Structure formats: C-alpha cells, structure tokens
Amino acid sequence: MMNTFVILTIWGIFYFVSILFLNAYSGESKTISFFKFLFFLIILSLVFLPGITGHYLFHDDVYLWHWQKTDWTTHPQYIVEGLIGRPLARIMRFSVESLVDNVSDANVVRFLTIIVMSLTALSLDVWFRMVCGVSKKMSFLLSLSMVTLPPFQIYVHWMNSYPMAVAILLSVCSAIVLLKPRNSDKVELEFRTFSSWRTEHGHTRYFELLKNVEQKFPVGVLLSFFLLMISLLIYQPAAPFFVALLTFWLIGLDSRSLSKVTWPLLHLIIFI
C-alpha cells in the first residue's frame with residue numbers, strides 16, 4: 001500500500017506541473033500565474049469551507065473509507081469502473097484510499113479537489129483571455145463564477161467525485177492546446193503547435209528542438225488528443241466540457257462571422 005507521503009508528493013507534482021503548463025499558454029510570468037492560482041485557492045477554500053471543516057460523508061463515499069487496502073483490485077467498485085471505461089478513475093481512487101482512515105480524513109480529499117478546482121479556474125482564465133480576448137478583470141470573474149456553479153460544488157463536497165474534477169481540468173487544457181483564434185482574423189480557428197504559439201510571443205528559444213518534429217507531426221494536436229483521451233479514461237461526461245467554452249467565444253460573433261467557423265466547429269465536434 002502506498003503511504004500518505006508518496007500520495008501527497010505525487011499530487012503535489014501534478015499540481016506544480018499543471019501550473020507550469022498553464023503558465024506556458026498564459027502570456028504572463030510564472031510569478032503572476034502562481035499568485036493568481038493562490039488567489040483562486042484562497043477564495044475557493046472560503047467558498048467551500050464547510051467541505052474542509054465538516055465531519056460528514058455521502059453514501060457513495062463510504063466505500064472509499066472501507067476500501068480494501070491490502071488487495072484493492074478485488075474491490076467491486078474497482079471492477080465496475082474498469083467495465084464502464086474509467087480505468088484511470090479507479091486508480092486515482094485507490095491512491096486516495098490511503099488518506100482515508102476516518103470521517104475527518106475526507107476533508108483532506110476535499111481540499112485536494114479544491115486545489116484542482118483552483119487549477120481549473122486558472123485554465124479558464126487562460127482560455128477567456130488568450131482565446132476569447134476577454135479583459136483580465138472580466139476573465140478572472142468569469143473563471144471564478146464558473147467554478148462556483150452548483151455542479152462544481154458537488155465535485156468538492158462529494159469526496160467520491162474528485163476524479164471528475166481532474167477530468168474537467170484536463171479537458172480545458174486540451175482545448176487550450178488545440179484552439180486559438182488567429183491574431184489577424186478573430187473568426188478563424190487555428191490548430192496550433194508549440195513552436196508556432198511561442199513564435200507569436202517571441203519565445204522560440206524554448207521550442208527550437210521541436211521545430212523539425214512539427215514539420216512532420218502536429219505536436220499540439222497530438223498533445224491535445226492525448227489530454228482528451230486521459231480525460232475520457234477518467235470520466236467520459238467531463239471530457240467534452242470545453243465545447244461549452246466555445247459558447248463564450250461564439251456569443252460575440254455576428255451571423256456573417258459565425259458562418260465562417262461552421263466547418264471548423266464541425267471538425268472539432270467530429271474530433272471529440
């Protein structure tokens with residue numbers, strides 16, 4: 001059985017890598033991205049304070065509490081999730097079971113989910129600013145308002161749902177990697193790659209080694225597909241979440257501009 005230190009270290013690495021990943025697409029310094037994430041975390045911790053200070057479990061949370069720690073692959077839920085196409089979700093739940101020995105330990109799991117929600121808010125901020133062209137203040141407010149909607153509250157308070165929160169985060173990251181309006185024409189969608197995006201912002205030195213590769217392979221598209229597949233293997237309904245984000249971009253288009261993106265959007269839906 002994996003001990004608590006190893007589990008928390010793995011999750012800590014995941015959080016750290018996620019911040020660096022989002023910072024690469026944010027157009028901001030690492031310091032700003034970190035403090036923005038920290039600000040989201042503080043606000044969401046206050047919003048979801050009952051989830052990290054309470055003493056409760058929902059019905060479906062109980063099996064995590066009583067998960068067989070010595071031979072976790074024999075647990076009925078582990079088998080069921082493999083049959084319904086969520087193999088990564090069951091592994092994530094196994095990683096958390098070592099943290100849960102009593103009801104109060106559920107607060108730790110719920111706090112880990114709040115951290116994921118903070119990363120999701122950061123990813124939404126990148127989407128609204130870099131893709132939709134929303135101002136910084138409005139982007140921050142939109143991101144914060146979305147992660148405090150009722151569905152996200154369930155993800156936090158229902159301990160069993162934390163893999164779903166991770167699936168949504170990966171879905172948004174997949175969209176950020178894949179889509180970006182062209183600078184010259186805001187109504188056209190562009191499948192972008194690492195070096196092409198970095199070239200726009202004058203940071204090609206970080207991705208010189210990928211240029212030759214990207215001439216033959218669309219690295220950005222492949223990475224987006226990879227992130228989307230991981231999201232699907234965690235929780236299928238969460239994977240197409242970034243389709244909803246397109247509505248924020250489409251609202252600002254007139255009928256003529258909308259007609260120009262019909263086929264790219266159909267291609268995107270087929271891709272999903």
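**Entry 1. Second largest cavity**

I looked up the second largest cavity, which holds about 30 Å³ of space. A cavity here is a set of points, on a 1 Å grid over the protein atoms alone, where a 1.4 Å probe fits but cannot get out; lining residues have an atom within 4 Å of a point. I note that grid points are joined across faces, edges and corners, and that a volume is the space filled by probe spheres set on the points.

The model is predicted: local features need pLDDT of at least 70, side-chain atom pairs count only at pLDDT 80 or more, and totals for chains, interfaces and linings use all residues. Residues are numbered from 1 along each chain as its sequence is written, and side-chain values use heavy atoms, with hydrogens and water left out.

I listed the lining of the second largest cavity as E81, R86, A89, R93, P163, M164, I234 and Y235. Helices α6 and α10 each supply at least two residues of this lining; helices (H or I, at least four residues) are DSSP runs, numbered from the N terminus. By class I recorded 5 nonpolar, no polar and 3 charged residues. In this scheme Ala, Val, Leu, Ile, Met, Phe, Trp, Tyr, Cys and Pro count as nonpolar, Asp, Glu, Lys and Arg as charged, and the others, Gly among them, as polar.

**Entry 2. Largest cavity**

I searched the whole structure and found 2 cavities of 30 Å³ or more. The largest cavity has a volume of about 40 Å³. Its lining consists of W11, Y15, V96, V109, L112, T113, V116, Y162 and V166. I found that α7 gives the most to this lining, with 4 residues, and that α1, α7 and α10 each supply at least two. The lining of the largest cavity divides into 8 nonpolar, 1 polar and no charged residues.

**Entry 3. Largest pocket**

I then turned to the largest pocket, a pocket being an open set with protein on both sides within 12 Å along at least five of seven lines. The largest pocket contains about 530 Å³ of space. I counted 22 lining residues, with W11, F14, S18, V166 and L170 nearest the pocket centre. The elements giving two or more residues to this lining are α1 (4-24), α6 (87-97), α10 (162-178) and α13 (219-234). Of the elements, α1 gives the most, with 8 residues.

**Entry 4. Helices α5 and α6**

I examined how α5 (residues 76-83) packs on α6: the angle is about 155° and the axes are 7 Å apart. Axes are lines fitted to C-alpha atoms, for helices over the stretch in contact, and angles run from 0 to 180 degrees between N-to-C directions. Y78, I79, E81 and G82 of α5 make the contact with P87, A89, R90 and R93 of α6, where contact means heavy atoms within 4.5 Å. The residues of this contact divide into 4 nonpolar, 1 polar and 3 charged.

**Entry 5. Helices α2 and α7**

I looked up α2 (residues 30-47) and α7 (residues 106-131), whose axes come within 9 Å and cross at roughly 130°. That makes α2 oblique to α7; oblique covers the angles left after under 35 degrees (roughly parallel), 65 to 115 (roughly perpendicular) and over 145 (roughly antiparallel).
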